[in-house]
Amino acid sequence: MNESHPSTALPSTTTAEPGEPGCAGGLTVLDPPGRTGPADAQDGTTDDGSAGDRTAPSAAVQDRLAGRLSDITSLHEHTERLARTRGLAATLDTVLASGAALLGARRGMLVTRLPGGGPGQPVGHGLDRASLGALETVPTEQSLLARLLRERDRPAQLHSRDLAEDPAIGARLRELAVHLGFGGAFGLPLATPEDGPLAAALWFYDEPAEPTECQRELARHYCEIASPLLAKQLEADRISRTTEALRRGLLPDRLPQAAGLRLAARIVPAGLDRSSGSDWYDAIPLPDGTIGLTVGSVSGDGPGAGPGSAPGAAAAMGRIRAALRAYAVLEGEDPVSVLGDLELLLKTTEPTRTATAVYAWVEPEERRITLAGAGHCPPVLVGRHGAEFVETSLSAPLGMLTCWEAPGVDFTAERGDTLLLYTEGLARRCGPTLHAGQANLRRAAADAPRDVRIDPDRLCAHLLAVCPAPEAVGADTDDLMLLAARFD
């Protein structure tokens with residue numbers, strides 16, 4: 001295993017070795033195009049006065065220029081593809097794939113650097129999960145990727161012509177090279193002066209081989225360009241994961257258990273950089289043994305608020321949900337009063353926000369349900385003979401009118417029925433319009449297989465699975481929220 005450090009790495013003006021096919025020395029300094037041979041041969045004669053052959057040197061220069069142009073074009077295409085990539089996972093995949101193409105390798109793996117300094121979860125190119133899992137068993141002291149992630153004494157590149165026979169490679173990696181069919185390997189760090197090491201990539205050849213100097217130079221230039229882009233994606237991913245963890249912390253970490261009632265829930269939050277609001281769900285055990293079920297959505301800073309107000313909406317959602325729990329404990333058997341109190345709180349403490357909500361009081365043993373909605377999608381009751389909407393009275397969202405008021409709805413569910421509460425984001429994902437999405441969601445619940453309908457958890461998973469992907473319908477700016485209650 002050969003290591004090249006920054007102080008000993010070949011400079012970018014190194015030309016290609018003779019005989020490298022299709023390589024003009026990468027991004028190198030070439031002879032001036034007008035120079036076709038030795039200085040004393042510019043007049044077309046040789047030292048002995050005979051006419052010189054101008055064709056051969058001219059063709060060589062043209063070949064070198066054409067090769068250089070091809071190298072620059074290839075590098076440009078790969079960096080353009082990277083610039084168009086969105087999201088951390090897609091960026092890592094693109095770096096691996098482009099590096100493999102530039103180096104002429106077929107397989108590769110990449111790891112990002114964890115805050116503590118060690119390698120994170122590997123990403124593979126041309127490697128299945130079992131192969132990646134096997135490579136994770138290489139001890140840290142033998143790991144080539146760990147060397148490329150070091151803060152100090154970090155090599156500028158690593159390469160081995162034959163991993164299986166390289167005495168500088170640890171025994172475990174040599175064993176895996178034989179088992180996985182690796183020949184040569186070439187590795188590069190992805191780092192910036194400001195952030196230090198960000199990630200490390202290692203590409204594998206199927207046979208004992210090394211990349212040409214031209215290929216190495218192209219790969220190095222590509223990683224230099226990719227590193228600051230990767231730094232931004234890593235920072236965005238870190239912020240997103242932190243905010244989503246806080247956001248999920250505002251929702252229940254578990255659902256209560258009650259005799260005769262099984263509960264399940266699903267949430268797929270939209271990223272805060274795209275979201276225009278924040279949704280909640282809750283199942284509240286009440287002092288008399290009944291259950292309060294609710295879902296709702298808080299909009300941003302008022303009418304027309306956009307994604308920039310989403311973090312504030314998430315914080316407001318946490319406050320509103322906490323208040324709703326208190327109102328449910330005090331007067332949970334009266335959904336209209338619960339939502340009326342929530343309306344007053346919203347207008348008093350969150351005057352620039354609005355919210356839609358549905359609250360249901362459930363008596364599990366008698367299967368009695370009383371609910372009220374405020375500008376929210378109607379619940380769906382799934383039974384043995386199909387599914388139907390529980391039509392709540394038309395009412396405005398909370399915070400929209402001077403005084404909110406709407407009657408409640410009372411009904412009794414059959415044994416085996418499932419009540420579905422959901423937010424607008426899920427309905428919009430299921431159809432081109434809100435109304436069509438609600439109808440498609442009801443139809444999907446009615447058409448679910450019997451073994452799915454009798455299990456609220458599987459029913460939630462089924463309804464999310466049958467809806468089209470967010471990008472297919474342009475509905476990735478809303479949370480997807482679903483709460484199911486089955487009466488046994």
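Q: Which elements do the buried residues of α10 pack against?
A: This is a predicted model, where local features need pLDDT of at least 70, side-chain atom pairs count only at pLDDT 80 or more, and totals for chains, interfaces and linings use all residues. Residues are numbered from 1 along each chain as its sequence is written, and side-chain values use heavy atoms, with hydrogens and water left out. Going by contacts (heavy atoms within 4.5 Å), the buried residues of α10 pack against β12 (380–383), β13 (386–389), β15 (418–422), α9 (424–429), α11 (450–453) and α12 (456–466).

Q: Which residues of α10 are buried, and over what arc?
A: Buried means under 20% relative accessible area, with exposed over 50% and partly exposed in between (1.4 Å probe, protein chains only). In α10, that picks out Gly437, Gln438, Leu441, Ala444 and Ala445. They sit on the same side of α10, because they cover an arc (from the directions from the helix axis to the C-beta atoms) of only 125 degrees.

Q: How many helices and strands does the protein chain have?
A: Helices (H or I, at least four residues) and strands (E, at least two) are DSSP runs, numbered from the N terminus. On that basis, the protein chain has 13 helices and 16 strands.

Q: How many residues are in the second, separate core?
A: A nonpolar core is a set of buried Ala, Val, Leu, Ile, Met, Phe, Trp, Tyr and Cys residues joined through side-chain atoms within 4.5 Å. In the largest one, with 50 residues, Trp280, Tyr281, Leu293, Tyr359, Ile369, Leu371 and Phe411 touch the most other members. The second, separate core includes Leu92, Leu103, Ala201 and Ala231, and its residue count is 28.
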